[in-house]
2 protein chains.
Amino acid sequence: MPETKAPLVGTLAIVGLGLIGSSIARGTRQYGLAKRIVAIDRDPGVVERVRALGLAEIVTSDVAAGVAEADLVILCVPVGAVGTVAEDMATALKPGAIVSDVGSVKASVVAAVAPHLPKGVAFVPAHPVAGTEYSGPDAGFSTLFSGRWCILTPPEGTDPDAAARVQTFWEGLGAIVETMTPEHHDLVLAITSHVPHLIAYNIVGTAADLETVTQSEVIKFSAGGFRDFTRIAASDPTMWRDVFLTNKDAVLEMLGRFNEDLAALARAIRWGDGEALHELFTRTRAIRKGIVAMGQETAEADFGRARSGPTPEKVPPVA
Amino acid sequence: MPETKAPLVGTLAIVGLGLIGSSIARGTRQYGLAKRIVAIDRDPGVVERVRALGLAEIVTSDVAAGVAEADLVILCVPVGAVGTVAEDMATALKPGAIVSDVGSVKASVVAAVAPHLPKGVAFVPAHPVAGTEYSGPDAGFSTLFSGRWCILTPPEGTDPDAAARVQTFWEGLGAIVETMTPEHHDLVLAITSHVPHLIAYNIVGTAADLETVTQSEVIKFSAGGFRDFTRIAASDPTMWRDVFLTNKDAVLEMLGRFNEDLAALARAIRWGDGEALHELFTRTRAIRKGIVAMGQETAEADFGRARSGPTPEKVPPVA
């Protein structure tokens, strides 16, 4: 964690205090990244919890009033809602303010937010690749981003100083920052996150609907592999609905590839082609090794969540 | 753990000292379940490791000699190999011996093993639903089965005393035992274990073959969901090849259901049917809650592997 002397940000406004927003608030406090935090949430229940948890100096449900003094505004609402929030706060933003977000989809967020922002306000979209299956202001913790990647996707023409400040902010939270275009981000995340979630949701749904196997049998014998999918399939429904609706093209493209490969695999099983199966099952181990070697997962026979991982070194070569 | 006064088993022979076999050896020692352990493995490297680890009184690669004194023989080899092993050891078995196994598929194991066994030798197939992604004699640990389910599938006409002894043995290792037919077992495991493994292997293969996203990007940004699949897809290739080849019908049937559901989900995405997505994503949370409530997983934002879980209570109702 870099040592921060003077806070990087004067007033930080966080819109949406769920898992991610409340983790940013906690990390900002812990690492001294801002002088003042304004927490904004339209849900009165969340406003109350955030006050009780003491996560911010000011807690409000009025987005325009909340962002008025902000030097940095981070939108932590589902990606389907960022456009409306941007519209609601646009005229209240002060000149020189930087707007960012944490959405899992980037091209549609740029399209929804950028048109609303006044001249003199920079937009630096960001996506911290971190999370758990829990939601809400109580679920956050200050080290959620520690050793995790955060992807910035500044649209062409973004003020480089603004992008650099957002990068420093995320590094202050312990993240490692990488920059790419919004379109490439959406392809990368479609395969590393969106399609995995989709097939996890799908198989849990399939299992729930069977007549030949009872739901209590599925639950009892889940340790054979199924339970790993249920964790993913317990993620926030609204957030994930929006991800699939806003990253439709990349998700359907990657899903098409997945389906082609699955059809070939089913045929190998039907025809008893053990060699093809063994070859694939051996090849997939190399990717796992790369992930463990990079510190994005522990090597224990366990999952590495909610621990602060080692700082990733260079990406190791994968055989 | 039940207190064991006199060891339950005189001589226990374990054929195949991988993750499961070596965990049985360690647990048998730790809980005093047998007077003597004979470890049998045809791989000279494994024989050497098992000797060095001191897991058994006798270590040999001669299966017939190894089982000659055994009261209980547990086959812990891939399911594609159990038939050959049964054939090799059949004439050496002593009258009254019990043969069991740990295979993830049961109907084909019964078909492959039972015909070779002499009269007076009982066959009680078993499947402990536990494991990690690691293989080999060094990967085992004595508490692997603690709080996990073990399914017995005695074929019709099996000596009830033999089945009861195998049940007591697994309970001695800390497992909770349930009995069902081999055919029903294979359906239950197809959806809770085999198809999840298949789609995990498949998506890791798909990701490795993309041209638009590099392998190092897949590795870097895997924390968004993908890494959970890579753990499963790092499991032993030979074991899993055999599972798919021997449980072909049930796997293809469940895969057909999975594919139907996935096609409907893809269509919901294509047509922007957010309501259908949200409904599924909400429904899948209930199954997760059931798994956590049953003690087959911890509720932390983390995975519960390699810890000894609480003893499962009754299966809770799932909304």
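Predicted model: local features only at pLDDT ≥ 70, side-chain atom pairs only at ≥ 80, totals over all residues.
**Figure 1**
Two copies of a chain are related by a rotation about an axis and a shift along it.

**Figure 2. Extent of the contact between chain A and chain B.**
Chain A contributes 105 residues to the contact, and chain B contributes 105 residues. The size of an interface is often given as the accessible area lost when the parts come together. For chain A and chain B the buried area is about 10300 Å², and carbon and sulfur atoms give 67% of this area.

**Figure 3. Polar contacts and the elements of chain A that face chain B.**
Between the two chains, 36 residue pairs are in polar contact, counting pairs with both residues at pLDDT 80 or more. On the side of chain A that touches chain B, two or more residues come from each of β8 (149-152), α7 (182-208), α8 (215-220), α9 (226-232), α10 (237-246), α11 (248-270) and α12 (274-293) of chain A. Helix α7(A) gives the largest share of this side, with 20 residues. Sorted by class, the side of chain A that touches chain B holds 54 nonpolar, 26 polar and 25 charged residues.

**Figure 4. Salt bridges between chain A and chain B.**
Side chains of opposite charge can pair when their charged atoms come close. Eight salt bridges are counted between chain A and chain B, and the count over all chains is 22. One salt bridge joins the side chains of R257(A) and E211(B), at 3.1 Å from N to O. A network of salt bridges links D209(A) with E279(B) and R283(B).

**Figure 5. The pair D242(A) and R241(A).**
Within chain A, R241(A) and D242(A) form a salt bridge in which the closest N and O atoms are 3.1 Å apart. D242(A) has a relative accessibility of 7% and therefore counts as buried, the limit for that class being under 20%. R241(A), at 24% relative accessibility, counts as partly exposed.

**Figure 6. The pair E57(B) and R29(B).**
A salt bridge connects the side chains of E57(B) and R29(B), with an N to O distance of 3.1 Å. E57(B) is located in the loop between α2 (44-53) and β3 (58-60) of chain B, whereas R29(B) belongs to helix α1 (residues 19-30) of chain B, so the pair ties together parts that are 28 residues apart in sequence. Both residues are partly exposed: E57(B) has a relative accessible area of 44%, and R29(B) has a relative accessibility of 37%.

**Figure 7. The pair D138(B) and R49(B).**
The side chains of D138(B) and R49(B) form a salt bridge at 2.6 Å, N to O. D138(B) is placed in the loop between β7 (126-128) and β8 (149-152) of chain B, and R49(B) in helix α2 of chain B; the pair therefore ties together parts that are 89 residues apart in sequence. D138(B) counts as partly exposed at 44% relative accessibility, and R49(B) is partly exposed with a relative accessible area of 35%.

Conventions. Residues numbered from 1 in each chain as written. Chains lettered and ligands numbered in written order. Heavy atoms only, no water. Contact = heavy atoms within 4.5 Å. Buried area = accessible area lost by both parts, 1.4 Å probe. Salt bridge = Lys/Arg side-chain N within 4 Å of Asp/Glu carboxyl O. Polar contact = N/O pair within 3.5 Å; in protein donor to acceptor, adjacent residues only side chain to side chain. Helix = DSSP H or I, 4+ residues; strand = E, 2+ residues; numbered from the N terminus. Nonpolar A, V, L, I, M, F, W, Y, C, P; charged D, E, K, R; others polar. Buried < 20%, exposed > 50% of the residue type's maximum accessible area, 1.4 Å probe, protein only.
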